[in-house]
Amino acid sequence: MASALTVSCAVVAGVGVSSAMTELTRGPTKQERRAAAAEELARRWRTWPAGKIFPERLAYTSEQGGREVARRVGIGPETDCARAVDAALRAPMDEAGCRGLIRATYLDAVEGVVVTIGVAAFRDSAAVMAATTALPREHRPSPGLRPLTFAKTATERFTAAGRQYGTYHRAGPYLVMVTAGQADGRPAKALGRPLTSMFTFTDELSEQIARGLVVPARATCESEGFLC
């Protein structure tokens, strides 16, 4: 009986080792690949170089219909969600689980319009949807993203009071927000009527940022950024 038990235990141990080796050496399942791809996508705001998220130049269609290029002036070092938005948005963004918000500022081709673009990172698309319920409609700029300016550049006179246009796009676990105004710093309330057509090109800029953030990547356990 003792010999039989010894043999039985050895067989069980052998099966256990074999199963463990199979598990350790097998390739990732489709579900694991999807999970790895989703995690890599959600971490891009931290793992990608800032210049990859915010390209140095972005092409757009001007108000007159020609093709022009917006130039990036700078990228902000802060990632705190609360500091990048108006006070009225801080609680909704926090409740939705904002993980971080990075901003960059661009100038249009003639340096007359300043555009700050912000990328807010969340857990998933459902969290992004929850955050957008607090954003204004009809391209109103507030409450919204706060301007990011740089001293001794054409952006330095752009303030929160000078915001004249706002928009946003949802892209997977990211919310791409935009605020824009004129480089001369004139306050929005001083205008007789909204100059919406002057700023619609900013939608094109933010769409490019949004598309770039969710470009599919081949999920392999050997690839940088993937965790299997």
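A contact, as used here, means heavy atoms within 4.5 Å. The structure is a predicted model, in which local features need pLDDT of at least 70 and side-chain atom pairs count only at pLDDT 80 or more, while totals for chains, interfaces and linings use all residues. Residues are numbered from 1 along each chain as its sequence is written, and side-chain values use heavy atoms, with hydrogens and water left out.

**Exercise 1. Describe the surroundings of Arg90, beginning with the residues that Arg90 touches.**

Step 1. If residues up to four places away in sequence are not counted, Arg90 touches Ala82 and Val85.

Step 2. The side chain of Arg90 reaches the backbone oxygen of Ala82 at 2.9 Å.

Step 3. Arg90 belongs to helix α6, which covers residues 87–96; helices (H or I, at least four residues) and strands (E, at least two) are DSSP runs, numbered from the N terminus.

Step 4. With a relative accessible area of 38%, Arg90 is partly exposed, a class that lies between buried (under 20% relative accessible area) and exposed (over 50%), with a 1.4 Å probe and protein chains only.

Step 5. Pro143 stands 53 residues from Arg90 in sequence, and the C-alpha to C-alpha separation of the two in space is 9.9 Å.

**Exercise 2. Work out how Tyr165 and Phe199 are arranged as an aromatic pair, and which parts they tie together.**

Step 1. Rings of Phe, Tyr and Trp (its six-membered ring) pair if their centres lie within 6.5 Å, and planes under 30 degrees apart count as stacked, over 60 as edge-to-face and the rest as tilted.

Step 2. The whole structure holds 2 aromatic pairs, one of which is the stacked pair of Tyr165 and Phe199, 6.0 Å centre to centre with 25° between the planes.

Step 3. Tyr165 lies in strand β5 (residues 163–171) and Phe199 in helix α8 (residues 196–199), so the pair ties together parts that are 34 residues apart in sequence.

Step 4. Tyr165 is buried at a relative accessible area of 1%, and Phe199 is buried at 0%.

Conventions: Polar contact = N/O pair within 3.5 Å; in protein donor to acceptor, adjacent residues only side chain to side chain.
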